[in-house]
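This briefing considers the surroundings of a ligand and two annotated positions, and it is meant to be read alongside the sequence and the coordinates.

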Amino acid sequence: MLRVNQFQTPFPLIPSPLVHCITNSVTCETVANSVLYIGGKPIMTEDTRDFSDLYEQVGGVLINIGHLSEEKETAMELAVEEAHKHNVPIVVDNVGVSSSRIRKEVANKLLSFEPTVVKGNVSEMRTLCNLASHGKGVDAAEEDQDSSAMKELEEGLLALAKIHLNTCFLATGPSDLVVYQSQIVLLQNGIEALDQFTGTGDVVGALIAALLGSGVDVLPSVLQAVSYFNLCGEEALEIVQNDAKIASIREETLNQLSLLKQNESWQNGIKGDWL
Ligand SMILES: Nc1ncnc2c1ncn2[C@@H]1O[C@H](COP(=O)(O)OP(=O)(O)O)[C@@H](O)[C@H]1O
Ligand SMILES: Cc1ncsc1CCOP(=O)(O)O
Ligand SMILES: [Mg+2]
């Protein structure tokens, strides 16, 4: 069992971290608001002329490959360089990596820069481990979520973590697998609906970047950001029970991002195990 008192709550985020996001235009606004709702400050820019000034202030960076272009790829590389120069933690979200060769090339290149956290859904993370993946577009496949597939993924991520000692790997889904060096955690919160509207993985990436940006250590940032988001989903389902329409669940999950942290014992709801 994961002991909830093992980590201090990261809230309120002090100092409020500036989170630089290079992300996809599908969920850009949701990602920016999510950072604000938990107490961070988002800035979404891909114009590399901003970067040298910006990185005097940036606390954390999110690189989400959901919408690629050649210009964006260049911006991502420059952002990573600036982040390294200023000791800023980097989160890479491998959105859609199972679906095209160019995304896989970019994902591998970004991994070679030793980001602080590399994430994706289970199908995306199978691709990163060179395992067969059934991911479709930006979505994970059920075949990649059964227990034998998860065991295979755990081994694949452990092998990657042995090479990339400073990178924490996160594979999201009905259960979330976290591998950091030789430590493995399986998180169990969340609701099915979180797979039924777009942007949930993107938001989780941004929350991790915000926690890292306010100085929280790597493993607690990942475990708490995922659990916090999933508990927001659980809370939302309780609230909208009589109106279980997907857009209402989405709206209430986002509301909960600013509300749940006001409950000092929010961490008591975390479910997870060290493997
Ligand atoms: N079936 C599910 N049950 C519980 N939580 C889920 C489920 N599917 C996704 N989640 C949660 O939703 C968030 C996004 O995960 P996922 O849908 O795998 O990412 P992506 O949006 O990148 O495909 C994660 O926090 C994950 O734990
Ligand atoms: C639909 C879509 N297409 C390109 S990015 C994107 C959003 C993906 O969001 P998430 O990975 O959080 O589900
Ligand atoms: Mg999603």
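This is a predicted model: local features need pLDDT of at least 70, side-chain atom pairs count only at pLDDT 80 or more; totals for chains, interfaces and linings use all residues.

Two residues are taken to be in contact if their C-beta atoms, placed from the backbone, lie within 7 Å.

**Shell around ligand 1**
- Ligand 1 is surrounded by 18 residues, of which Asn121, Thr172, Gly190, Leu194 and Gly201 are the closest.
- Two or more residues of this shell come from each of the elements α7 (200-213) and α8 (218-240).
- Sorted by class, the shell around ligand 1 comprises seven nonpolar, seven polar and four charged residues.

**Annotated positions**

**Met44**
- Met44 lies in strand β2, which spans residues 41-44, and, when residues up to four places away in sequence are not counted, Met44 touches Cys21, Thr23, Cys28 and Ala32.
- Met44 is classed as partly exposed because 16 other C-beta atoms lie within 10 Å, a count that falls between the limits of 12 or fewer for exposed and 20 or more for buried.

**Gly199**
- Gly199 is located in the loop between β8 (183-187) and α7, and its contacts, once neighbours within four places in sequence are left aside, are with Val26, Thr27, Thr30 and Val31.
- Gly199 counts as buried because it has 22 C-beta neighbours inside 10 Å, where 20 or more are required.

Definitions and conventions. Residues are numbered from 1 along each chain as its sequence is written. Chains are lettered from A and ligands numbered from 1 in the order in which they are written. A residue is near a molecule or strand if its C-beta atom, placed from the backbone, lies within 6 Å of it. Helices (H or I, at least four residues) and strands (E, at least two) are DSSP runs, numbered from the N terminus. Ala, Val, Leu, Ile, Met, Phe, Trp, Tyr, Cys and Pro count as nonpolar, Asp, Glu, Lys and Arg as charged, and the others, Gly among them, as polar.
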